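User: I am new to this structure. Please take a close look at the surroundings of the ligand, and show me how that part sits in the chain.

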Amino acid sequence: MKTAELEKYKHKLMGLIPPERIVKVEFTRPSREIIEAFMELDGLTPTVSDVLDSMGIKGAISASRLSPIITGKKIVGPAVTIRYIPESNTPDHGYYNMERAKLADRDVYAVADKGDVAVFDAAALGDVSVMGGLSTLVAKQWGMAGNIVDGGVRDVDTVRKLDYPVWSTGQTPITGKYRVEAMEINGPISIAGVRVNPGDLIIADDSGVVVVPGTKAEEVLEKTIAATKREDEVVRLFESGASIEEITSILPPSKW
Ligand SMILES: O=C([O-])CC(=O)C(=O)O
Ligand SMILES: [Mg+2]
């Protein structure tokens, strides 16, 4: 990216990644209204996962694959992305030659808007960290909604103390410094086999993570509200002792 376009972010960028590896800083995000409407719903990721199934979209990832570091959290926000690949040298080279580490997490927060979700494609290297306590402090301070890390996270106690929502492949003491290299900010990435473009809507809770294509966010919201209402009605009918005929009549057969 041209340095001129990054001028606006100059006061926050730490220069952790060469500027030409920042693909874009402007892109369309789902509106605040859509995000808030999703946030109000209970049982969120399972219902959205069903809706994506019905629309033929691959977007859901289980919590056993990307696990919440703090349970009981729910986040909804537009994705900003960062992609890592492994270094070929062992870390000794980096330490011995006092090389600069190639983690760029704080630069992805620097080009994000408040309420964005930082999504890390770290090649599913769960034993190697691409963020920790310092990273969490910066992300929280700058108003990120949370992080989704297909890779490792360390300083887990600090992440919990700062009460910042993070889902990850692994938790580890082993740093990614000199083990991985940040290749791109805000390009398309994949996490757990699911594609993420910047501006896609990320939804995460205790059941897992779903990725909703940005352009489909409104349609998915409408369908999710309708499905949630149907399920709430089933619960109400069960609790009020309604007949099985009555209950099954309001749900599509696929629900059973
Ligand atoms: O080395 C790392 O993985 C990053 C780290 O500890 C931090 O952000 O505090
Ligand atoms: Mg640390």
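Analyst: What follows starts with the whole chain, then turns to the ligand, and ends with a strand elsewhere.

This is a predicted model, in which local features need pLDDT of at least 70, side-chain atom pairs count only at pLDDT 80 or more, and totals for chains, interfaces and linings use all residues. Residues are numbered from 1 along each chain as its sequence is written, while chains are lettered from A and ligands numbered from 1 in the order in which they are written.

The chain has 9 helices and 11 strands. These are DSSP runs, numbered from the N terminus: helices are H or I with at least four residues, strands are E with at least two. The radius of gyration is 20 Å, close to the 18 Å that the globule rule gives for 256 residues, so the chain is as compact as a globular protein of that length. That radius is taken over C-alpha atoms, and the rule is 2.2 Å times the number of residues to the power 0.38. Along its principal axes, the C-alpha trace spans about 75 × 35 × 30 Å.

Buried residues make up 40% of the 256 residues. A residue is buried if 20 or more other C-beta atoms lie within 10 Å of its own, exposed if 12 or fewer, and partly exposed in between, with C-beta atoms placed from the backbone. Of the contacts with a separation of 6 or more, 76% join residues 24 or more positions apart. Two residues are in contact if their C-beta atoms, placed from the backbone, lie within 7 Å.

Now the ligand. Around ligand 1 stand L103, S129, M131, G132, G133, L134, S135, R154, D155, T175, G176 and K177. The elements that give two or more residues to this shell are β4 (117-131) and α6 (133-141). α6 gives the most, with 3 residues. A residue counts as near the ligand if its C-beta atom, placed from the backbone, lies within 6 Å of it. By type, the shell divides into 3 nonpolar, 6 polar and 3 charged residues. Here Ala, Val, Leu, Ile, Met, Phe, Trp, Tyr, Cys and Pro count as nonpolar, Asp, Glu, Lys and Arg as charged, and the others, Gly among them, as polar.

Two members of the shell carry a record. UniProt places the feature "binding site" at R154, in an unreviewed entry. The feature "binding site" is also placed by UniProt at D155, again from an unreviewed entry. UniProt positions are given in the numbering used here, feature names are shortened, and annotations may be inferred rather than shown by experiment.

R154 is found in the loop between β5 (146-153) and α7 (156-161). D155 is found in the loop between β5 and α7 too. R154 is buried, because 22 other C-beta atoms lie within 10 Å. D155 has 19 C-beta neighbours inside 10 Å, so D155 counts as partly exposed. Leaving aside neighbours within four places in sequence, R154 is in contact with S129, G132, T172, P173 and T175. On that basis, D155 touches G132 and G133.

T172 is found in the loop between β6 (166-171) and β7 (180-185). With 19 other C-beta atoms within 10 Å, T172 is partly exposed. Not counting residues up to four places away in sequence, T172 touches G126, D127, V128, S129, G152 and R154. T172 and G151 are 21 residues apart in sequence and 9.8 Å apart in space, C-alpha to C-alpha.

Back to β4. Most residues other than glycine have a negative phi. A123 is found in strand β4, and its phi is near 55°, a positive value. A124 also lies in strand β4, with a positive phi of about 60°. A123 is partly exposed, with 17 other C-beta atoms within 10 Å. A124 is partly exposed as well, with 16 C-beta neighbours inside 10 Å.

In strand β10 (residues 201-205), 5 of the 5 residues are buried, so the strand is largely enclosed by the rest of the structure. L201, I203 and D205 lie on one side, I202 and A204 on the other. β10 pairs in the antiparallel sense with strand β3 (residues 75-86) over 4 bridges. Strands pair if DSSP finds at least two bridges between them. The bridge partner of I75 in β10 is A204. β10 also pairs with strand β11 (residues 208-212) in the antiparallel sense, over 5 bridges. β10 and β11 form a hairpin with 2 residues between them, and D205 stands opposite G208 in β11.
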